[in-house]
Amino acid sequence: MPGHAAPPGRRMTLPAILVVIPTTGGPLRLRALRPRPGLPAPAAFADGDYRPLPWSADYARLCGAGGPLARHLGEAPPPHELRLSGSFDAGRSWEVPVCLAHGLAARGHRLVAEPAEADLILWATGAVDLDLAVRPGDYALLDKIDRSRALLAEAPGAALAVLLPEGPERDAAEAAIRALGWDPAPLILPGGSVPAALEALARPAEAAPASSPPRRLRRLAGPAVAVAVAGVAALAILGTRPAPVGGPAEHPATGPAAQAPSPTPSSGPSPESAAEGPDPAPAGAAPALRVEELRAPAGSSCRRVAFGADPAERRPVPVEAGDRLVPSRLAPDLCGIAVRALLPGMRIEVGAELRDAALPAARLGDGAQAYFLREGARQNLVYAVQALPGEGSGAASSSAVIRLVHALIR
Amino acid sequence: MSDEARLLAEIHAARGLMRPGGSGQAALRPGHAALWAHATRMPGAPVDLAVARAIRDDPDTARRYRAMLGARAVAHAPLAAAASDGALARRRVGPFELEILAGEDDAPPLLILRGTGARMPRAIEAWLGDETVRLDLGPPVEGVILLALDPAVPDAALLGRMLGDPASAVFLL
């Protein structure tokens, strides 16, 4: 069992996770990620070799002060010893699984080295940039999946979560993962950034009672593992959804909405209502905040629309239930999203998920904020948008915070 | 051949037989080129077993070999200047400091080599009695070289044991 950075008090409450680093030479297992006091810098080793791996210096920079992980975690993690089951010479696709492992360890997850010990197998690949966004590219996904079959077969009872970066084989790879027939259905993590994937993994156990946990977790019993069962059950649920979503509580566009009145549920409590988040916006207040799809007109393109050569067609997105809008399909003609507060004195706050995936907001003629999607960021995402009372406005005392959640899915 | 010439040849042969070490021992002694090739070999490269045996069995050859190593080493220490009688956790070799970070749980000990010299060593060789081990050192990261003294890697584990013994000699090459 590998070492890890989990706080001792939490070790027994979260699922044990095996992090798989697929390579074109076969999958490697992350055998250990442990802090080593006295180590001058983070270092990566492989079983059977006494020297650090060739990319150990890159790993040190990834974890170092000012590096991507330090920016995400708030501070540079103490120097860790990373140990893999094998070595490889080139490539950067180890960055995503290693960053995920650090994020999971920081959240108290127990990382294990053997498939038989794992409650969840995390299969991830890709390189990251300074913001921990996953760089699109050709990661030989199909080859890596094919070479991972034997390893995955060693843990048939564990849940499976997969991160597939954008690239030429991304869709085919997702189909290949689903074709594995994994039970429960594999969770396809958001492939755009490491934080989004971590949020999806850490999502509260919404709708957990409606699902049965993975087979291995069914064997667990007792209060000490209840949280773990619920957490992985949520993963299983999410794996069956059309798009992995982040909980409302995880969105930056939250806060004062906690004081908003409860919605009128259309059919029982919504999944979001089970999470620790602000109360959804009142149903009657939804018209006060308008979310519209910006679509390219026939014969035009999103590029022409984004550069103002053609006006976008604006289609309002209706409310599905509570504070949830009907998800929008990421069709090629969906160029972006426009949001606008319909009440005077209100200001708009849009979640980072959409802001990160879009060009800087543009103001349309009617005052709406337009977020045109970047070409490399057209992926499943969920964002929240809020209309907040403006500072010093007269609306502050009389208007409730209005909050809507909208998903963009493939 | 005249009688005088034959007599001189016999005297020369007799002196040769009477020389210390005798011709049999001298024949086993590797030449300078062979020793130099052994001293400059890459870690893990094939070893001339005759040379290795001569270094182990013949003190004179061992002395010559160590002199060669010392000449081409970035730094070397024939013995640790230790103020304690226990296993060493830290050791100074010329301008370099070697520190052994103890293993914990199933984590192997780590050797940390720090240096301020302009040139960092590329290999390390340790001697203790007639045992010797040579390992490649990876490239430094921010002036530090790390090695895992992994018990699963025999040479690395042997190096760890040797470095902990004050009587071991260390050559940084």
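The model is predicted.

**First stop: where chain A touches chain B**

Please select chains A and B together. Here 18 residues of chain A are in contact with 19 residues of chain B. Next, on chain A, highlight β2 (28-35), β3 (43-46) and α1 (56-63), the elements that give two or more residues to the side touching chain B. Of these, α1(A) contributes the most to that side, with 3 residues. Colouring the side of chain A that touches chain B by residue class will show 10 nonpolar, 4 polar and 4 charged residues.

**Second stop: an open sheet in chain A**

Now turn to the open sheet of chain A, which 5 strands form in the order β10-β9-β14-β17-β16, with antiparallel pairing. Select β10 (313-316) and β16 (362-363) of chain A to see the edge strands, each of which pairs on one side only. From β16(A), proceed to strand β17 (residues 369-372) of chain A; the two run antiparallel and are joined by 2 bridges. To view a particular bridge, select R363(A) together with its partner in β17(A), Q369(A).

Select A331(A), which lies in the loop between β13 (328-329) and β14 (334-341) of chain A. Is this residue, A331(A), buried or exposed? A331(A) counts as exposed because it has 12 C-beta neighbours inside 10 Å, and the cut-off for exposed is 12 or fewer.

Note on methods: Residues numbered from 1 in each chain as written. Chains lettered and ligands numbered in written order. Predicted model: local features only at pLDDT ≥ 70, side-chain atom pairs only at ≥ 80, totals over all residues. Contact = placed C-beta atoms within 7 Å. Helix = DSSP H or I, 4+ residues; strand = E, 2+ residues; numbered from the N terminus. Nonpolar A, V, L, I, M, F, W, Y, C, P; charged D, E, K, R; others polar. Buried ≥ 20, exposed ≤ 12 C-beta atoms within 10 Å, placed from the backbone. Pairing = 2+ DSSP bridges.
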